[in-house]
Structures are given as C-alpha cells and as structure tokens.
Amino acid sequence: MYFNPRLMQWSRRLDHFLRFVLLPFVKAPKNLPSSPTNILIFEFHLLGDIVMLTPLLMELRRKHPQAHIGLVSGPWAETILDNHPGLFNSFYAVLAPWVMYDYSLKNLCRLIILLMRLRRRSWDWGVEVRGDLRQILMLWLTGAKRRISFNFTGGGW
C-alpha cells in the first residue's frame, strides 16, 4: 500500500466535519487525573500483534511505573511476554470469538464472565490498539473512564 496524500486530506476533512456535527452530542470530558493508577489494554489477536504491542507496554510502564496495568489477550501472549517481566500486573486470557472464529455458547459465556470480572475494578484508562469496533465496545462495557483508540471507530479525538 502506498501513501496517498489526497486520501489523507479527504480523511482529515471528514474527521473535522464529523467532529463539528457530533460536538453537540458529546459529553464534556470528565475531570480525570493526568497520571492513571489503573490501565487496561486490549489486544486479542495473534503472535505478531503481541510482539508489536511490546514497545507500547514498555513505554507505559516507563511513564507510569506505579500504575496497575492489565492486559487482556489470548493465552499465547503470556508466554511471549515472559521475557519482559514487569510489563503488566494482571493478565486476563480469553479467546475472542472473532479471532478464533469460535462463536460457541461456551466461548461467549467466557467473554461475558471476563467482562463482569473487569468491571469490578475501576480502570482510569482503557487502550484498544486495533480500532476494532467489537473490542471498543468491550472496552466501553468495562467502564474505563478514558478510552484510547482510533477516533474513526469510537475513540477520543
């Protein structure tokens, strides 16, 4: 894929237009602390995506050393990140149905149980790195106070 400046310009114009149109419907931002105490990160996809997530985890840990970082990912992520101790405090393993193409009732129940478990903790930041609407919806259901993602799929501008 090559860089297309006309497409980028069109994307920026659409972004500004949507921001103007949707502004009356957006709530005023809450008074949030600048330094989060609890950060939740969603990355359900496979090995390469977990490897690409590692620099983000390292930088979050460096910038917020006292923060509790929770990582929601497939079970393979824990073994990949074993060589990087201290990147996250809590690991929540789940097989996302849209990643493994397993929409069985058992797998969907596991996902709902995980969401209920995540809602018990108060998350200051929720980070979704893919821009996947399903994951952004899950992030919203966890009750994260500030959700960080792509603006065109539900994140903040």
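F88 and F91 are both buried, where buried means under 20% relative accessible area, exposed over 50% and partly exposed in between (1.4 Å probe, protein chains only). The model is predicted, so local features need pLDDT of at least 70, side-chain atom pairs count only at pLDDT 80 or more, and totals for chains, interfaces and linings use all residues. Residues are numbered from 1 along each chain as its sequence is written, and side-chain values use heavy atoms, with hydrogens and water left out.

**Aromatic rings**
- The whole structure holds 3 aromatic pairs, a pair being rings of Phe, Tyr or Trp (its six-membered ring) with centres within 6.5 Å; planes under 30 degrees apart are stacked, over 60 edge-to-face and the rest tilted.
- The pair F42 and F44 is edge-to-face because the planes stand at 70 degrees, with ring centres 5.5 Å apart.
- F88 and F91 make a tilted pair, since their planes are at 40 degrees; the centres are 5.8 Å apart.
- F42 and F44 are both buried, and together with W98 they form one aromatic cluster.

**Charge over a ring**
- R121 lies over the face of W123, 5.6 Å from the ring centre; this requires NZ of Lys or CZ of Arg within 6 Å of the ring centre and within 35 degrees of the ring normal.

**D102**
- D102 sits in the loop between α4 (97–100) and α5 (105–119); helices are DSSP runs (H or I, at least four residues), numbered from the N terminus.
- The relative accessible area of D102 is 32%, so D102 is partly exposed.
- Leaving aside residues up to four places away in sequence, D102 touches P97 and N107, contact meaning heavy atoms within 4.5 Å.

Notes:
Helices (H or I, at least four residues) and strands (E, at least two) are DSSP runs, numbered from the N terminus.
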